[in-house]
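Here is a friendly briefing to read alongside the model.

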Amino acid sequence: LIGTSPAKQLPTIRSRCQLVRFGRLPEKTVAELLRRGGMLDDPRKADELAPYCEGSLTRALELNDADLWSFRGTLFGRLAEAELDSVGLSKAVHSLVNAAGKAAPPRRARLRQIVRFAADFYRQLLLAQSGASSDADEPLQRLAREALATGAAKGQQALFRLERCLEAAEQIERNANQTTLIESWLDDLAGAPF
């Protein structure tokens, strides 16, 4: 069996299988495959998407979405605020996810990317808290530093929020109800314990 997530397999099948993880494709390889395969309208986008796709061609194609990239900056800005407005952000996330169409797979793919963006933000915030260096893009690093300065995540909040994002990503793979997932995920981020 080849799959993207153990959660997508039945427990009875998982118990009879051995998990083999494959490493990420290097950025240069991803960019070259995207260009050679003609998967993108603009071949120059391949170099832009490769650093963000975690070695996955599928993720690169999912990230080739102008609305999603525009929302990324908005999401980071909202996550960097001292008080997270979960209701307002929930409406914005629902709107973007619903704009992907009526079919469930593209909506789940878009929600998966939004949750991953949030996880990237909290991962960067943890790095900023510890003073560690990062290879993240400059806007993400800047907003993480701003969040640190405004006290957007005190103590263990950034870690709790990152873990909650990873949990939400797993729930997406298990086909959790989209509305409930978005609202509970963002409520949990807003109500993170100190």
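Asp137 counts as buried, because its relative accessibility is 15% (buried means under 20% relative accessible area, exposed over 50%, partly exposed in between, with a 1.4 Å probe and protein chains only). This is a predicted model, in which local features need pLDDT of at least 70 and side-chain atom pairs count only at pLDDT 80 or more, while totals for chains, interfaces and linings use all residues. Residues are numbered from 1 along each chain as its sequence is written, and side-chain values use heavy atoms, with hydrogens and water left out.

**Around Asp137**

- Asp137 sits in the loop between α7 (104–130) and α8 (138–150); helices (H or I, at least four residues) and strands (E, at least two) are DSSP runs, numbered from the N terminus.
- The side chains of Asp137 and Arg72 are joined by a polar contact of 2.7 Å (a pair of N or O atoms within 3.5 Å; within protein, one must be able to donate a hydrogen and the other to accept it, and residues adjacent in sequence count only if both atoms are side-chain atoms).
- Leaving aside residues up to four places away in sequence, Asp137 touches Tyr52 and Arg72, where contact means heavy atoms within 4.5 Å.

**Cysteines**

- Zero disulfides turn up in a search of the whole structure, a disulfide being a pair of cysteine sulfur atoms within 2.5 Å.
- For Cys53, the closest cysteine sulfur is in Cys165, 20 Å away, which is too far for a bond.
- Cys53 is buried at 0% relative accessibility, and Cys165 is buried with a relative accessible area of 0%.

**α6 against α7**

- The axes of α6 (residues 86–98) and α7 come within 8 Å and cross at roughly 140°; axes are lines fitted to C-alpha atoms, for helices over the stretch in contact, and angles run from 0 to 180 degrees between N-to-C directions.
- α6 and α7 are therefore oblique to each other (under 35 degrees counts as roughly parallel, over 145 as roughly antiparallel, 65 to 115 as roughly perpendicular and the rest as oblique).
- The crossing of α6 and α7 is right-handed; a crossing is left-handed if the near helix is turned anticlockwise from the far one by less than a right angle, and right-handed if clockwise.

**α7 against α9**

- α7 packs with α9 (residues 157–173) at an angle of about 160°, their axes 9 Å apart.
- That angle makes α7 roughly antiparallel to α9, and their crossing is left-handed.
- Among the residues making this contact are Leu111 and Tyr122 of α7, and Cys165 and Leu166 of α9.
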